[in-house]
Structures are given as structure tokens and as C-alpha cells.
Amino acid sequence: MIESLLVANRGEIARRIIRTAKRLGIRAIAVHSEADADLPFVAEADEAVCVGPANPAQSYRNVEAILAAAKSTGAQAIHPGYGFLSENADFARTVEASGLIWVGPGADAITAMGDKINARNLMAAAGVPVAPGTTDPAADLDAAVAAAAEIGYPVMVKAAAGGGGMGMGVAADEAALRTEYDKVRSFAERMFGDGSVLIERYFPRVRHVEVQILGLADGRVVALGERECSVQRRNQKLVEESPSPAVSPELRERLLAAAVRAGEAVNYRNAGTVECLLDPATQEFFFLEMNTRLQVEHPVTEYVYGVDLVEEQLRVAAGLAPAFDPDALAPRGHAIELRINAEDPKRFLPGPGAIKTWVEPTGEGVRVDSGYVAGNTVTPFYDSLLAKLIVSGKDRTEAVERARAAVAQFEIAGPKNNVPFFAELLENEEFLSGDYDTGIVSRMR
């Protein structure tokens with residue numbers, strides 16, 4: 001097993017990776033910005049190195065500073081968490097060229113799946129269902145208009161290099177397409193340095209379902225069930241649950257088999273997620289994208305399948321067999337994750353500030369992966385995620401009941417937060433029925 005691990009991330013995910021590393025007897029090394037010096041993950045690491053000021057480009061995305069920290073501390077491996085450099089193929093190559101172990105998929109797989117157009121073409125060739133759309137970037141507005149006419153409105157206008165719900169727009173007709181095309185292209189050039197635009201069919205009522213895959217050290221790819229991710233605001237997830245209440249045993253079999261084919265098509269190793277759109281009316285699903293990293297919502301899979309996905313990532317990176325039996329994977333019970341963010345619970349606008357009170361819920365089937373404690377300050381420099389509240393039960397009904405109780409116990413004073421939104425959601429009839437889609441939050445507002 002790896003002996004020393006540098007965690008190239010911050011907040012709750014750094015803390016969560018450090019927890020597993022220390023359980024396995026691995027020396028855990030944190031890197032942090034000047035703004036994060038007082039956060040729990042820094043104190044809980046065996047060693048910590050400041051890699052720059054608050055600006056992520058000068059700290060958490062500063063490749064030279066992170067590699068220098070790895071060298072000075074004698075780190076053997078680097079885990080990138082999610083976000084920041086986690087899906088940067090050049091960083092993965094640089095880590096390995098420096099003689100370090102990269103805890104993630106190979107750089108070639110990251111590159112192959114990082115471009116949405118290339119990814120959808122690869123998936124189509126592998127027999128994975130893809131939504132009707134362009135197989136090459138729409139070179140200009142006229143090409144986009146022609147493609148949309150062939151696909152049929154409404155269409156989704158997407159940045160080919162985007163991710164995380166960013167760089168997307170919906171056009172119901174040609175006039176809207178002309179506006180959205182320029183908007184998405186400009187955003188993509190500014191944010192990703194690549195203005196390539198993809199046009200796809202847009203489904204007005206759709207569910208967002210994803211499959212956790214793991215490429216093992218022996219070359220096999222296995223699927224650890226699906227997660228429902230349809231509770232979203234601005235195309236970004238707020239709630240995830242596993243199993244999905246929309247997925248029948250027959251659909252699950254097809255969905256997981258397609259995800260395994262997706263991983264095999266790019267010789268995938270380590271943890272990854274195959275995201276799909278599910279049409280609830282027809283039970284058809286379509287490949288959306290592959291996230292070549294650990295997902296924020298991985299804990300619900302851990303509960304339902306009884307695995308520690310961070311440990312499995314480390315085992316794959318070290319060339320070891322999994323700690324579970326790949327031929328005996330079976331879901332048990334139900335799990336739900338609520339993303340506790342520092343944001344207005346009505347408009348979901350960021351609300352940083354000093355944390356005066358922080359009381360986490362406890363109880364059977366309750367887990368909190370948090371990045372903060374009372375006395376910390378939530379700064380405006382990073383993602384608004386404060387913590388993840390994960391609950392589990394023998395079935396969905398029990399998991400929802402435990403979620404209600406846990407939300408009622410969670411006390412945060414200081415920064416704005418969305419805990420009140422979750423109290424509302426957990427009483428919402430549409431959510432409780434399990435028959436909801438990606439429009440549920442907009443209907444609540």
C-alpha cells in the first residue's frame with residue numbers, strides 16, 4: 001500500500017481523504033492556501049504545507065507549488081479529490097513524470113472523456129446510447145442553426161470542454177439559439193479556453209441518473225450501482241440518492257452494463273462516474289458525460305454497497321486487488337446525500353461569512369462530511385459547499401425520516417445556508433413520491 005499521500009485539495013473532500021488515509025496507516029499530507037490555514041483538514045493532516053494565497057490559480061491550481069510540496073514532504077502519491085486539478089490530464093502526466101503515483105484514472109482516459117463531443121462519439125462507437133446531437137463542434141452560428149433544425153427543438157447548447165453544469169443553455173427556437181450560442185461560446189472561451197459548442201436534443205422532463213464505476217488494477221471495470229441526481233439548481237446538484245427510485249431492476253441491468261462498456265472503451269482505471277439522462281416516459285437513457293474523478297456524492301454509494309471508495313482508489317493506484325468481491329456486488333438499503341451550502345435557501349446565491357454556531361446532527365445512519373467548524377470563516381474564494389449530510393436506512397422511507405430528523409438537528413449560524421431548503425424538500429409531495437425530475441426545484445420556487 002502507498003505509504004505517504006499528498007491531498008491536492010481542500011475542505012470536506014481533503015478531510016474525508018485524510019480520514020481514510022490515516023485509517024490505513026498512510027501518512028497524510030495537506031496543502032492549503034493562506035485563506036484556509038485554520039480549517040480542520042489542515043490540523044488533521046500529519047503534515048501541512050502552504051502553497052500560496054487565496055486565489056486558487058496561485059494555490060490549489062498551482063502545479064509547481066503542489067509538486068514542490070510533494071517533494072519537500074517526501075510524498076509518494078497525490079490524490080486530487082474533485083475540482084481544481086482532478087481532471088487535468090497534463091497535471092496527471094506531470095505527477096507521474098515526477099516519479100509520483102497518481103491516484104486517479106490515466107491521463108489518456110481523462111483526455112478522451114474531457115471533450116464532450118469526442119466522448120459522445122467514443123460512447124456511440126462502444127454501443128452506449130447517446131442523445132441525438134452533433135458529432136463535431138458547431139463551427140459557427142449557421143452550423144448550429146442547421147444542426148438544431150435537423151435535431152429538432154428544443155435543443156441544449158453545451159460547451160464541449162465544460163462540466164459541473166457550467167456552460168449550458170436551452171433554446172426553444174432559432175431566435176433563442178442565436179442568443180444562447182453566443183453566450184455559451186463566450187463563456188466557454190473565458191472559463192475553459194475552448195469555445196467549441198455542442199448541440200444536443202433537450203428533454204423538457206428528464207431525470208439525471210449516474211453510475212459509479214471502478215476500473216480495477218487487473219483491468220476489469222465494475223459498476224457499483226446508480227445514483228439519482230435530479231434535485232438541482234442551475235444544472236448543479238443539491239441532493240443525491242441511491243438506489244434511484246426511477247430505476248427498475250431491468251433498467252438497472254441495462255444502465256450498469258452500458259456504464260461498464262463506457263469504462264472499457266477507454267481502458268478506465270480507478271473511480272469514475274458515467275452520467276446519463278433518463279427519459280421517465282420511455283425509460284430510455286442517454287450518455288451525458290463521464291467524470292474522471294471521485295464524485296462529491298460518492299458517500300451514498302459507499303453506504304449502499306459497503307465500500308470505502310477512497311480506499312479502493314488507493315488500492316487501484318497501488319496495483320492491489322479490491323477490498324471487496326467484485327463478483328458479489330449487491331445494493332443494501334437506501335442512502336440520501338444533502339449538500340449543505342453557504343447560500344441563500346431561496347435564490348441560492350452565495351453567502352460567505354464567519355461561522356458562529358456549528359452543531360452537526362448525530363444518530364443511527366447519519367454521517368456528516370464537513371469542511372468547517374465553529375470559528376472558521378467561509379471565504380468567497382471557493383465553492384460554497386460547507387458539508388455533506390448523508391443518511392441511510394433499510395429503505396427510502398426510513399432514509400427520508402432520518403434525513404428530516406438530521407436536518408432539524410443541524411445548526412449553522414453566521415453564513416447564509418440552505419438547511420431550510422432541505423427541510424422544505426423533505427416534506428415536498430413530489431420528492432416523497434420518488435416521481436420527480438430536474439425541474440423539481442424550480443417548481444418549488
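## The cavity and its lining

The lining of the largest cavity in this predicted model is made up of five nonpolar residues, five polar residues and one charged residue. The residues that line this cavity are Pro 80, Gly 81, Ser 86, Trp 102, Val 103, Gly 104, Pro 105, Thr 292, Arg 293, Leu 294 and Gln 313. The space inside the largest cavity comes to about 30 Å³, and the structure holds one cavity of 30 Å³ or more.

## Packing of α3 with α4

Two packed helices are described by the angle between their axes and the distance between the axes. For helix α3, which covers residues 63-73, and helix α4, which covers residues 89-97, the axes come within 11 Å and cross at roughly 30 degrees. Since angles under 35 degrees count as roughly parallel, α3 and α4 are therefore roughly parallel to each other.

The crossing in which α3 passes α4 is right-handed. On the α3 side the residues that meet α4 are Val 63, Ile 66 and Leu 67, and on the α4 side their partners are Phe 91, Thr 94 and Val 95. By class, the residues of this contact of α3 with α4 comprise five nonpolar, one polar and no charged.

## Packing of α7 with α8

Helix α8 spans residues 174-192 and packs with α7 at an angle of about 135 degrees, the two axes lying 10 Å apart; α7 itself covers residues 141-151. An angle over 145 degrees would count as roughly antiparallel, and 65 to 115 degrees as roughly perpendicular, so the value of about 135 degrees leaves α7 and α8 oblique to each other.

The crossing of α7 past α8 is right-handed. From α7, Leu 141, Ala 144, Val 145 and Ala 148 take part in the contact, while α8 contributes Glu 174, Leu 177, Arg 178 and Tyr 181. The residues of the contact of α7 with α8 divide into six nonpolar and two charged, with no polar residue among them.

## Backbone features in loops

The bond from Tyr 153 to Pro 154 is cis, with an omega near 0 degrees, and Pro 154 sits in the loop that runs between α7 and β6, a strand of residues 155-159. Ser 242 and Pro 243 are likewise joined by a cis peptide bond, here with an omega of about -5 degrees, and Pro 243 belongs to the loop between β11 (236-242) and α9 (249-265).

A further backbone feature concerns Phe 84, which is not a glycine and yet has a positive phi of about 45 degrees. Phe 84 is placed in the loop between β4, residues 77-79, and α4.

Definitions and conventions
Residues are numbered from 1 along each chain as its sequence is written. This is a predicted model: local features need pLDDT of at least 70, side-chain atom pairs count only at pLDDT 80 or more; totals for chains, interfaces and linings use all residues. Side-chain values use heavy atoms; hydrogens and water are left out. Axes are lines fitted to C-alpha atoms, for helices over the stretch in contact, and angles run from 0 to 180 degrees between N-to-C directions. Helices (H or I, at least four residues) and strands (E, at least two) are DSSP runs, numbered from the N terminus. A crossing is left-handed if the near helix is turned anticlockwise from the far one by less than a right angle, and right-handed if clockwise. Contact means heavy atoms within 4.5 Å. Ala, Val, Leu, Ile, Met, Phe, Trp, Tyr, Cys and Pro count as nonpolar, Asp, Glu, Lys and Arg as charged, and the others, Gly among them, as polar. On a 1 Å grid over the protein atoms alone, a cavity is a set of points where a 1.4 Å probe fits but cannot get out, and a pocket is an open set with protein on both sides within 12 Å along at least five of seven lines; lining residues have an atom within 4 Å of a point. Grid points are joined across faces, edges and corners, and a volume is the space filled by probe spheres set on the points.
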